[in-house]
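The following paragraphs lead the reader through selected local features of one chain. Please keep the sequence and the model in view.

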Amino acid sequence: MSTDPITTELGHRPGKVIAVHLSYRSRAEQRGRVPQHPSYFLKTASSLTGSGEVVRPAGTELLGFEGEIAVVIGTPARDVSPEDAWKHIGWVTAANDLGLHDLRYADKGSNVRSKGGDGFTPVGPRLLDATAVDPKRLGVRTWLDDELVQDDSTDGLLFDFGLMIADLSRVMTLERGDVILTGTPAGASVAQPGQRVAVEVYALDDPTVTTGRLETTVVEGPALAAWGNPPKVDDAQRADAWGRPVEPAEKPFELTPELRERLAKVAVATLSVELRKRGYDTVSIDGVRPLVPGRGMVGTARTLRYVPYRKDLFAAHGGGFNAQKQAMDSVNEGEVVVMEARGDSTAGTLGDILALRAKVRGAAGIITDGAVRDAVPVAELGIPVYSSGKHPAVLGRRHVPWETDVTISCGGATVQPGDVIVADDDGAIVIPPALVVEVLEAAEAHEEEDEFVFEMVAKGEPVDGLFPMNAQWREKFAEWQASRRS
C-alpha cells in the first residue's frame with residue numbers, strides 16, 4: 001500500500017478520519033432528502049493511502065467510489081466558531097471515499113467494515129496550502145476510466161467547511177493531521193475490478209492550483225474470511241450504490257427439497273445425456289470415484305482450490321485456520337465441498353477430522369480430484385466422498401490450501417459456487433443452476449422411456465425400431481404411460 005501525502009507531511013499517521021454524509025445539493029436531490037444539519041461517521045486511519053490499487057474481495061459486488069475534497073487540520077481546534085474555523089485548516093487535498101456496500105447492512109450506519117478497510121481512503125497526490133486557496137472557490141472532479149462522472153464545486157455545498165469544522169469542534173478536539181472528508185456530489189457510483197477512478201481538487205479561479213489526479217485502480221483479491229457478517233446486497237442497495245435505479249434481479253435459484261429428491265432418483269448418466277444435448281459436454285468431474293459405492297449425493301457447490309506445493313507459500317498459507325479448514329468449517333447443510341487438486345492424488349486433500357466437521361455441519365458430500373487419507377475412518381463416517389484415490393501423505397507433500405468460494409476446475413470440469421452437483425456410482429456431474437429444472441424434467445422423461453424400452457426388451461422384443469423408438473413404438477409407449485397413470 002502506498003504512503004499517503006498527509007502521513008508523509010506529518011511524519012506519522014493522522015489520528016482521525018471523519019467523513020460527512022450528505023453535504024452537496026446535487027447529491028441530496030439525487031437521494032431525495034435534504035438534511036437540516038451535517039452528520040458524520042468515522043473512518044479508520046489505517047484506511048488512508050495514496051494513489052495505487054484497492055482490493056475488492058472476491059464474492060463482493062458493490063465497491064462504491066466518492067470523489068471528495070479533504071481538509072486537513074493544521075492547528076488544533078476546540079469549540080471554534082464557523083467564522084474562525086478555516087484558520088485551523090493546514091491543507092486541502094483530493095480524496096476518494098471508497099466503501100464496500102455489501103457490508104453496509106452489517107454495521108447499521110456506522111460504516112466500520114464497509115468503509116474502514118485498508119486502502120479505502122486514498123488521498124493526494126499533492127497537498128494544497130490552505131492559506132493559498134479560497135474555500136468557497138474549490139472544484140472537485142472524478143473520472144471513471146477517463147469518463148468525467150462527477151463535476152461540482154463548493155458553490156454546491158449545503159454546509160460550508162467552516163460550519164462542519166465548528167460543529168465537530170463542539171464535542172471533540174480536532175488535532176493536527178486529522179482529516180475531514182467533506183462529502184461527495186452527485187455522480188458517485190460503483191467501480192469494477194480493472195477500472196480506474198481518478199479524483200482532482202483545484203481552484204476554480206486558477207485551475208493550475210491543483211492537487212493533480214488521485215488515481216486508484218480496482219483489483220479483485222481473495223474472498224473475505226468466512227466468519228462475521230457475509231457480504232449481502234439487494235436491489236435497493238444496488239440502486240443506492242450505482243446512484244441510479246437498478247432493474248430487479250432475477251430470483252436466485254434454490255435447490256429445494258423436492259428438486260433434491262427428484263435429482264437423487266435420476267441417473268447421472270441420464271443427466272449427462274441431457275446436458276450434452278444442450279451443448280454441455282465438459283461437465284463431468286472425471287477421474288473421481290465414490291469411497292463407498294452406493295453413496296450418491298445432490299447439493300450446491302462450495303469450492304476449495306489448492307495450488308502446487310511451494311515451501312514459502314505453504315509456510316504462509318498452510319498452517320493455522322487455512323483455506324482447507326475454512327471450507328470445512330463454513331460448509332452449510334446440503335452443500336457439497338468440491339476441491340481442485342489438479343488431479344494429483346499423491347497426497348491427501350481430506351482426512352477424517354475435517355470430513356467429520358463437514359458431516360456435522362450437514363454437508364451433502366465432498367468431491368476432490370486429489371486423494372483421501374484416513375480412507376477407512378472417512379468411509380465409516382457415512383458422508384459421501386468422491387476422490388481420485390487414496391494416499392497416506394498429508395497435503396503439504398503436494399498441495400497448498402489457497403482459497404475458497406471461487407471458480408475452480410475439478411476433474412476437468414469448471415465448478416462455480418452455487419452450481420448443482422449430482423453424483424452416483426457412475427461419477428459426478430456439474431449442472432449450471434439455470435439449467436437444473438429443464439435438464440431434470442428432460443431426464444425424468446428420458447428415464448421413463450428407458451423403463452418402457454427395458455420392459456419391452458425383457459419381454460423378448462427386438463431393439464430394432466424400439467431403441468430408439470419409431471412411430472409405432474411411440475404410440476405403444478403413450479398407451480403404456482396412460483395405463484400407468486390411470
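E335 is buried, at 13% relative accessible area, where buried means under 20%, exposed over 50% and partly exposed in between (1.4 Å probe, protein chains only). The structure is a predicted model, in which local features need pLDDT of at least 70, side-chain atom pairs count only at pLDDT 80 or more, and totals for chains, interfaces and linings use all residues. Residues are numbered from 1 along each chain as its sequence is written, and side-chain values use heavy atoms, with hydrogens and water left out.

E335 belongs to strand 20 (residues 335–340); strands (E, at least two residues) and helices (H or I, at least four) are DSSP runs numbered from the N terminus. Beyond its neighbours within four places in sequence, E335 contacts T300, R302, S330, A363, A364 and G365, a contact being heavy atoms within 4.5 Å. In the loop between strand 20 and strand 21 (348–350) lies R342, which is partly exposed at 33% relative accessible area and has a positive phi near 65°.

A positive phi also occurs at D374, near 55°. D374 sits in the loop between strand 23 (371–372) and helix 11 (375–381) and is partly exposed, at 27% relative accessibility. Most residues other than glycine have a negative phi, and most peptide bonds are trans.

Cis peptide bonds deserve attention as well. One joins G124 and P125, with omega about 0°, and P125 is part of strand 9 (residues 121–129). The bond from F467 to P468 is cis, with omega near 5°; P468 lies in the loop between helix 12 and helix 13 (471–485).
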